[in-house]
Every structure is written in C-alpha cells, then in structure tokens.
Amino acid sequence: MTWGNQTAHSGFILLGIFGHSPAHVFLFSLVLVIFTVALLGNSTMTLLICTDAQLHTPMYFLLSNLSLMDLMLICTSVPKMAYNYLSGRKSISLVGCGAQIFFYVSLLGAECFLLAAMAYDRYVAICHPLRYPVLMSQKVCVLMATSSWILGSLDGIIEAATALSFPYCGAREVAHFFCDVPALLVLSCADTLTFERVIFVCCVIMLLFPVTVIIASYGRIVLAVIRMGSTEGRRKAFATCSSHLLVVGMYFGPAMYIYMRPMSGRSPAQDRMVSVFYTILTPMLNPLIYSLRNTEVARALAKALARSKTGGRAGHSCLWDAPPRSPLLLQPIRSCASLSRGLSHSSLETRDEVEEQEEEQVESAFILPSRDFMLCRA
C-alpha cells in the first residue's frame with residue numbers, strides 16, 4: 001500500500017498504558033511529576049551550560065547535548081499520552097505517528113553514541129590527564145556531538161520511512177502509549193521479516209557498539225583507580241562510576257530487550273512497561289546523576305539567580321575558549337604543581353597529604369571536567 005492510500009485512513013489508535021482506576025490515576029499523576037522534573041532539570045542544565053563560562057568545558061558540553069536529547073525524547077511521547085488520557089481521544093494521525101517514530105528513534109540512537117563519547121571523555125580525564133586538552137579539544141567534542149546527532153537522525157529516517165510504507169489492516173490499534181516500530185509491525189498485513197532483520201542490524205550498531213566503548217572505557221578507569229594508594233579516593237571513584245553505569249544500564253538494558261528480540265512471543269504489556277524506563281525515567285535521572293548534584297553546577301545556578309536579580313547579562317555559547325591566564329587561576333595552577341610534587345613523594349610531609357591529593361585528583365577528574373589538568377598543561 002502506498003503513502004497515498006495510507007492517508008485515506010484516520011491513522012492509528014494508541015491504547016495507552018493507563019485506565020481510570022484509582023491506581024492508574026495515581027500512576028498517571030506520577031508520570032506527570034516525573035515529566036515536570038525532567039523538563040525543569042534538563043532545561044536548567046542546558047541553559048546553565050550555555051550561559052556560565054565556568055561550565056564551558058568538554059564534559060559539560062557533552063552534558064548539554066545529553067540534556068537537550070533527554071528533553072526532546074520525553075517531549076516526544078508524554079505530552080501526546082497525557083492529552084489522549086485527559087481528553088479521552090486515543091487517535092494519532094499518520095503524520096503524527098511518523099514524527100514520533102523519527103524523533104524517538106533518532107534521539108535514542110544519538111543518545112547511545114553520546115553516552116559512549118562521555119565514557120571516553122572520563123577515560124581520557126583519568127587515564128591520560130595531561131593529554132586531555134589535545135584528545136578532548138573543542139574540535140573533537142563538536143565532532144563527537146555532531147556525529148551522534150547525524151547517525152541517530154539517519155536511523156530515524158530509515159525506520160520511519162520504512163515502517164510507514166507497510167500496509168496496515170484491522171482496527172489499527174497500537175498496543176502502546178506512542179508509535180513504537182515493533183508495536184506497529186504487528187499490525188502490518190505484509191511480510192516484515194526483512195525489515196525486522198534490518199532493525200536488528202541497526203540495533204547492533206546503535207546499541208552494542210556504544211556499550212562496548214562504555215565497558216572498555218570504564219574498565220580502564222577501574223584499573224586505574226585500583227592502582228591508587230588512597231582507600232577513600234577509590235571509594236569515591238567507584239561510587240561515581242556505579243551511578244554512571246546505573247544510568248547506562250537503565251538506558252541500554254530496556255532498549256536491547258525491546259529491539260533485539262524476535263517479534264514472535266512478544267508481550268505488549270511487558271514492552272510498554274519496559275519502554276517507560278528509557279523514555280520517561282532515564283530523562284529524569286540523567287540530569288540528577290550526571291550534573292545537578294555537582295557543586296560546580298550548584299555554584300553556576302546560584303550565580304545565575306543572583307545575576308537575574310541584578311539584571312546582569314551572560315554569554316550564550318555552550319562552547320569554551322582557551323583557558324584564560326589571569327591571577328584568579330594562580331591557585332589552581334599552584335594546586336596542580338603541588339599535586340605533581342606530592343604524587344612523586346618528594347615534598348609532602350606525610351602520607352595523609354598524598355592520599356588527600358589523590359582523592360581530590362580522582363574526584364575532580366571523574367565528576368567534573370579536567371580543568372586543573374588543562375591548566376597544568378597550559
């Protein structure tokens with residue numbers, strides 16, 4: 001069936017995930033709260049990074065792209081789901097369904113590659129701190145982010161165009177709260193086996209390759225941390241590493257479960273529940289785990305609030321310039337020099353001072369951008 005014949009129909013019916021029982025009303029309200037937190041958290045993170053010069057660093061540049069992706073991802077499905085639930089209408093047009101598929105698949109793929117880039121950034125910051133300004137230069141970071149968006153968009157175009165080219169029969173009721181490709185293929189009157197194989201190959205590229213990069217990067221990080229002499233430094237690094245990997249697991253695990261299984265034997269109810277993890281929960285958790293808990297972000301937020309009261313203006317670029325050389329940076333430079341002397345055990349008086357310096361090195365390198373190491377090189 002061609003596109004022109006498809007448009008003769010009214011589109012699809014989204015069955016959703018909530019009924020009107022008290023329990024479902026409570027769960028729907030909870031989803032709205034999660035959506036609000038994700039909207040505020042990701043919007044705040046993106047604006048802070050673009051307006052605060054102290055956050056114009058490689059790690060926060062990648063985080064701004066992650067926040068923007070999460071913001072767009074959660075807005076792809078939740079507003080339509082909420083509108084259908086509150087209005088009692090469950091229909092979605094063919095164009096609206098195609099738009100959901102494109103943005104949903106594009107953002108999922110782009111975020112997979114971006115999470116791999118962020119893991120590589122942390123690997124360079126900890127394992128090769130003195131080469132960080134070269135390996136994570138502005139050009140490299142922009143290339144990473146742009147490539148993530150482009151590769152995700154290509155996957156979205158392919159899947160949206162192919163999925164809507166199939167003929168659909170029957171009641172055209174999608175057992176989901178948004179237009180998900182596996183849920184649509186069940187309704188198709190044509191043979192979709194070839195397309196299912198194409199989806200599987202795309203998932204191998206979009207999911208398994210980034211997962212491999214992430215595991216390899218954090219594996220090298222763990223080995224570097226184990227060799228540290230400070231027990232407290234190791235504890236802090238492992239705590240941060242586990243929180244990052246928790247987000248990665250909540251994102252990639254459900255996505256692999258949905259897209260790397262055969263169509264036969266699927267349970268629509270299970271697919272809907274699993275989809276909630278990486279379409280609703282993960283966009284809320286990412287700004288909390290990656291960014292908003294950092295003292296540097298809290299400091300930037302306080303500065304932005306103070307600036308809004310005084311009517312001050314801020315820059316609007318999310319990119320960074322070369323580290324400035326001013327008297328304000330003498331203290332970080334002295335800290336770097338002290339750290340280098342301390343790690344060589346030539347000028348520190350006690351072992352406690354060495355361990356304290358190591359803890360500061362790991363915490364700043366793992367959680368925050370490696371600004372001190374960049375200044376040391378400068």
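Select Glu111: apart from residues up to four places away in sequence, Glu111 touches Leu66, Met69, Asp70, Leu73, Tyr251 and Asn286 (contact means heavy atoms within 4.5 Å). The model is predicted, with local features requiring pLDDT of at least 70 and side-chain atom pairs pLDDT 80 or more, while totals for chains, interfaces and linings use all residues. Residues are numbered from 1 along each chain as its sequence is written, and side-chain values use heavy atoms, without hydrogens or water.

Glu111 belongs to helix α4 (residues 94–127); helices are DSSP runs of H or I with at least four residues, strands are runs of E with at least two, and both are numbered from the N terminus. Glu111 counts as buried because its relative accessibility is 0% (buried means under 20% relative accessible area, with a 1.4 Å probe and protein chains only).

Next, select helices α3 (residues 58–87) and α6 (residues 138–163), whose axes lie 10 Å apart at an angle of about 15 degrees (axes are lines fitted to C-alpha atoms over the stretch in contact, and angles run from 0 to 180 degrees between N-to-C directions). The two helices are therefore roughly parallel, a term for angles under 35 degrees. On the α3 side, the contact includes Phe61, Leu68 and Met72; on the α6 side, Val142 and Trp149 are among the residues.

Finally, display the open sheet of three strands, ordered β2-β1-β3 with mixed pairing (strands pair if DSSP finds at least two bridges between them). Strands β2 (91–92) and β3 (173–174) stand at the edges, each with a single partner strand, so one side of each lacks a neighbour in the sheet. Strand β1 (residues 12–14) runs antiparallel to β2, joined by two bridges; Ile13 has Ser91 of β2 as its bridge partner.

Note on methods:
Angles under 35 degrees count as roughly parallel, over 145 as roughly antiparallel, 65 to 115 as roughly perpendicular and the rest as oblique. Buried means under 20% relative accessible area, exposed over 50%, partly exposed in between (1.4 Å probe, protein chains only).
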